[in-house]
Amino acid sequence: MKKTVVRVVCAIGQAGQIGLDGRLPWEGNRSPEFVADVARFFDVTRGHVLLAGPKTIASVPDFARADRELVVVRSSMDPEDTLQRFAGRVVFIGGGPPVWDAYARFVSHWDVTRLPYDGPADRWFDARWLTGGGEVARNHRDQ
Ligand SMILES: NC(=O)c1ccc[n+]([C@@H]2O[C@H](COP(=O)([O-])OP(=O)(O)OC[C@H]3O[C@@H](n4cnc5c(N)ncnc54)[C@H](OP(=O)(O)O)[C@@H]3O)[C@@H](O)[C@H]2O)c1
């Protein structure tokens with residue numbers, strides 16, 4: 001049976017900042033690292049499925065809407081059933097944090113760029129997402 005390949009590409013600031021006022025905290029920064037990071041995100045996800053919460057999908061610019069499949073996920077949707085709809089494809093889980101909370105256990109590859117941003121944020125990266133699926137190991141470690 002074909003599987004869904006589940007991946008994440010995201011960018012964080014020096015302390016794990018990921019969002020501010022519904023946007024990227026560093027939005028509008030034209031320094032090469034920031035411009036390259038956005039370009040790389042759209043390169044890597046091209047042709048694949050980008051599955052994310054309503055605010056994150058709304059922030060995808062028009063130029064990037066034609067060459068990838070955008071899927072808005074809601075809290076009422078079962079993550080496993082949702083991913084199953086895309087068997088045989090590569091699905092990128094685009095955030096925000098509640099979506100990564102729910103889908104982290106399915107992710108086989110996290111691609112995290114740490115940008116030279118050290119300002120405010122109201123959304124933060126949670127390192128527990130990286131080990132989100134390991135029930136057995138987690139119980140073992142607690143003993
Ligand atoms: N740095 C990065 O790489 C990066 C990436 C993505 C987003 N961001 C930033 O993050 C912010 C947006 O994220 P956000 O979290 O505020 O809004 P969001 O993208 O709309 O995601 C959160 C929403 O997803 C929905 N959702 C879908 N499945 C869910 C589930 N299983 N469990 C819980 N909720 C689920 C919920 O809405 P309902 O309850 O209404 O369904 C929830 O409120 C922006 O600032 C954006 O720039 C940054």
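Two strands count as paired if DSSP finds at least two bridges between them. Helices (H or I, at least four residues) and strands (E, at least two) are themselves DSSP runs, numbered from the N terminus.

Colleagues, the model before you is predicted: local features need pLDDT of at least 70, side-chain atom pairs count only at pLDDT 80 or more, and totals for chains, interfaces and linings use all residues. Residue numbers start from 1 along each chain as its sequence is written.

I begin with the sheet. Five strands make up an open sheet with parallel pairing, in the order β4-β3-β5-β1-β6. At its edges lie β4 (69–72) and β6 (109–114), each of which pairs on one side only. From one strand to the next, the twist averages 25 degrees. The parallel strands β1 and β6 are joined by six bridges; Ala 11, for instance, has Thr 113 in β6 as its bridge partner.

Helix α1 (residues 32–45) packs on this sheet and touches β1, β3 (49–52), β5 (90–93) and β6, contact being C-beta atoms, placed from the backbone, within 7 Å. The direction of α1 makes about 175 degrees with that of β1; axes are lines fitted to C-alpha atoms, for helices over the stretch in contact, and angles run from 0 to 180 degrees between N-to-C directions.

Methods
Contact = placed C-beta atoms within 7 Å.
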